[in-house]
Amino acid sequence: MDNAIRWPRVKELLDSALERWKAENGRDPRMRGAHDGHIGWETKEELASSSPYEKQLIDPAKVGNGKAEETNLVRILRGPIGGYRRMPSGGPYLSPNEIKEISEWINAGMPD
Ligand code: HEM
C-alpha cells in the first residue's frame, strides 16, 4: 500500500488544476457561481457528496470496486457528459496520468 494514492494527493491534483485554470484565464474560477448545486473538496467527504447540476461526483456504489471510470468526477475530467463540457471548463485539463491517479484512488476505496 506504500505507493497507494491517498486523499492529500487527490486534493493537490484538483487544487493545482484550478491554479492552472486561474493562470490561463487570468481570474479566479467562480466555482460557486458556475455550478448549480454544491461543489468543493476541502475534505474527501465534501468532494464525494458534491453534486453540481444534480450529478453526484462520486456515487458510493462505484467506490472500491473497479467502477471509478463510471463516476461523474472521472467522466467529466475525461470528456463532456450529458451536455456539459469537459472540466475544468475550457481547460487546461488534467493529464491522463493525473486522471488515472484519481481513478485509482476511487478504486482503492478513497483512502485518507
Ligand atoms: C458533474 C460535474 C460537473 C458539472 C456538471 C459541471 C458543470 C459546469 C458548468 C455548467 C459550468 C459553467 C459553464 C462553463 O463554463 O462551461 C462550469 C464551469 C466550470 N467548472 Fe465545472 N462542472 C463539473 C465539475 C467540475 C470539476 C470537478 C471542476 C474542477 C476540477 C470544474 C471546474 C470548472 C471551472 C474552472 C469552471 C469555470 C468557472 C468560471 O468561469 O469562473 N467543474 N462547470
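1. Which protein atoms are the donors of the iron atom of the ligand? They are NE2 of H35 and SD of M87, lying 2.0 to 2.2 Å from the iron. Donors here are N, O and S atoms within 2.8 Å of the metal (3.2 Å for Na, K and Ca); water is not among the atoms, so sites may look incomplete.

2. The model is predicted, so local features need pLDDT of at least 70 and side-chain atom pairs count only at pLDDT 80 or more, while totals for chains, interfaces and linings use all residues. Residues are numbered from 1 along each chain as its sequence is written, and side-chain values use heavy atoms, with hydrogens and water left out.

3. The site of the iron atom is octahedral, with angles of 83 to 178 degrees among its six donor atoms. Six donors count as octahedral if opposite donors are over 155 degrees apart and all others between 65 and 115. Ideal angles for six octahedral donors are 90 or 180 degrees.

4. H35 lies in the loop between α2 and α3 (44-49) and M87 in the loop between α4 and α5 (96-107), so the pair ties together parts that are 52 residues apart in sequence. Helices are DSSP runs (H or I, at least four residues), numbered from the N terminus. H35 counts as buried, at 14% relative accessibility, whereas M87 is partly exposed, with a relative accessible area of 22%. Buried means under 20% relative accessible area, exposed over 50%, and partly exposed in between (1.4 Å probe, protein chains only).

5. The largest pocket has a volume of about 530 Å³. Its lining comprises 27 residues, and M31, H35, I39, M87 and S89 lie nearest its centre. The elements giving two or more residues to this lining are α1 (7-25), α2 (31-34) and α4 (72-78). A pocket is an open set of points on a 1 Å grid over the protein atoms alone, where a 1.4 Å probe fits, with protein on both sides within 12 Å along at least five of seven lines; lining residues have an atom within 4 Å of a point. Grid points are joined across faces, edges and corners, and a volume is the space filled by probe spheres set on the points.

6. By class, the lining of the largest pocket has 20 nonpolar, three polar and four charged residues. Ala, Val, Leu, Ile, Met, Phe, Trp, Tyr, Cys and Pro count as nonpolar, Asp, Glu, Lys and Arg as charged, and the others, Gly among them, as polar.

7. The second largest pocket holds about 160 Å³ of space. Among the residues that line it are K11, D15, M31, I39 and W41. Helix α1 gives the largest share of this lining, four residues. Its classes are four nonpolar, one polar and five charged residues.

8. The largest nonpolar core has 23 residues, and V10, L47, I58, I102 and W105 have the most contacts inside it. Helices α1, α3, α4 and α5 each supply at least two residues of this core, and the largest share, six residues, comes from α1. Such a core is a set of buried Ala, Val, Leu, Ile, Met, Phe, Trp, Tyr and Cys residues joined through side-chain atoms within 4.5 Å. V10 is found in helix α1 and is buried, with a relative accessible area of 0%. The C-alpha atoms of V10 and E104 are separated by 10 Å, although these residues are 94 residues apart along the chain.

9. P88 is buried, with a relative accessible area of 10%.

10. Most residues other than glycine have a negative phi. Y53, in the loop between α3 and α4, has a positive phi near 50 degrees and is partly exposed, with a relative accessible area of 32%. M110, in the segment after α5, has a positive phi near 55 degrees and is buried, with a relative accessible area of 9%.

Methods:
Four donors count as tetrahedral if all angles lie between 85 and 135 degrees; four count as square planar and six as octahedral if opposite donors are over 155 degrees apart and all others between 65 and 115; anything else is irregular.
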